[in-house]
Amino acid sequence: MKLAILDDYQRLALGYADWKSLKGIEVVVFDKPLQDPAKQLAPFDIICLMRERTPFPRALIAKLPNLKFVSLTGARSPSLDTQALKERGIPVSNTRSAGGGLSTVELTWGLIIAAARGLAKGERNMRSGRWHEGLAPGFSLAGKRLGLLGLGNIGARVAAIGKAFGMECIAWSQNLTAEAANAAGARLVSKNELFEKSDVVTIHLVLSERTRGLVRAEDLERMRPGAVLVNTSRGPIIVEPDLLKVLQSGKVHAALDVYEREPLPADHPLRRMENVTLSPHLGYVHEDNYRIFYGDTVENVAAWLSGNPVRRFA
């Protein structure tokens with residue numbers, strides 16, 4: 001049997017689990033995005049997915065005649081067509097993760113601070129021999145207003161840290177109530193007010209048909225001059241052409257970990273903008289997660305081979 005480990009961009013998968021324990025299995029690692037997924041994956045019986053880095057729609061599944069089992073890192077992938085797999089009788093197991101989203105909370109605050117204080121440009125200055133040249137003064141977070149688009153598990157933790165920094169927290173989402181917002185230390189406002197009155201707007205929503213394209217030109221245009229927009233959730237929540245337009249105007253700063261297309265193309269305009277702080281989708285990327293992701297993946301495959309699949313994907 002042949003097993004494919006997909007999208008191991010950092011070339012770490014083989015070091016975080018005992019793949020050799022899977023006797024009789026040929027393990028192949030793909031460390032770059034697939035150029036022709038149907039052709040490249042056609043020989044494989046087992047496919048190990050890293051979240052939604054490679055979309056797995058029905059059309060692709062139909063072109064994989066040898067596919068017998070799928071293991072997914074994490075517990076959710078909007079781009080994995082589980083119904084198509086079920087119709088083929090192909091079981092799916094998922095893995096656990098470490099920290100319940102805490103790593104994304106940490107990264108969110110790293111991006112907020114980096115954007116507010118100009119750390120990315122300051123670091124580039126230091127490496128090139130400059131000092132303060134071209135740096136904006138930045139702003140302190142104390143006394144500023146933090147707007148949370150989404151106040152679930154991650155959003156509420158981000159709000160708690162905002163309060164510790166001395167920020168006022170306001171929040172909005174489609175189903176958020178005033179009581180739930182108050183319980184998280186925030187005040188419920190309208191979507192318009194959130195964009196108009198926040199010094200930092202940070203997005204913490206699950207990507208769905210309701211949230212895809214939720215942040216549009218009219219929202220971005222309401223933002224205060226110099227305000228910061230942070231996205232560590234999913235790129236398609238923001239309409240990318242609208243984001244590019246407001247950034248090109250120089251009105252706001254964006255701090256982004258996620259993008260419409262990933263990996264972000266090398267020639268993408270976001271890479272050339274000075275008022276953008278970028279990270280390469282690192283929200284869940286850390287050693288503890290990788291150890292659990294890949295350890296559980298090996299366990300999933302072994303259990304399936306023995307006829308007793310574990311952690312069946314619901």
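Student: Start with the largest pocket. How do the residues of its lining divide into nonpolar, polar and charged?
Tutor: This is a predicted model, to begin with. The lining of the largest pocket has 11 nonpolar, 21 polar and seven charged residues.

Student: What volume does the largest pocket have?
Tutor: About 880 Å³.

Student: OK, the second largest pocket. What's its volume?
Tutor: About 550 Å³. It is lined by 27 residues, and the closest to its centre are Glu-52, Arg-53, Pro-55, Ser-79 and Glu-260.

Student: And how does that lining divide?
Tutor: Into 12 nonpolar, five polar and 10 charged residues.

Student: Switching to strands. What order do they take in the open sheet of seven?
Tutor: β8-β7-β6-β9-β10-β11-β12, with parallel pairing.

Student: Why is one side of β8 and of β12 left without a neighbour in the sheet?
Tutor: Because β8 (187-188) and β12 (276-278) stand at the edges, and each has a single partner strand.

Student: How many bridges pair β9 with β10?
Tutor: Four, in the parallel sense. Strand β9 covers residues 200-203, and strand β10 covers residues 228-231.

Student: Which residue in β10 is the bridge partner of Thr-202?
Tutor: Val-230.

Conventions
Residues are numbered from 1 along each chain as its sequence is written. This is a predicted model: local features need pLDDT of at least 70, side-chain atom pairs count only at pLDDT 80 or more; totals for chains, interfaces and linings use all residues. Side-chain values use heavy atoms; hydrogens and water are left out. On a 1 Å grid over the protein atoms alone, a cavity is a set of points where a 1.4 Å probe fits but cannot get out, and a pocket is an open set with protein on both sides within 12 Å along at least five of seven lines; lining residues have an atom within 4 Å of a point. Grid points are joined across faces, edges and corners, and a volume is the space filled by probe spheres set on the points. Ala, Val, Leu, Ile, Met, Phe, Trp, Tyr, Cys and Pro count as nonpolar, Asp, Glu, Lys and Arg as charged, and the others, Gly among them, as polar. Two strands pair if DSSP finds at least two bridges between them. Helices (H or I, at least four residues) and strands (E, at least two) are DSSP runs, numbered from the N terminus.
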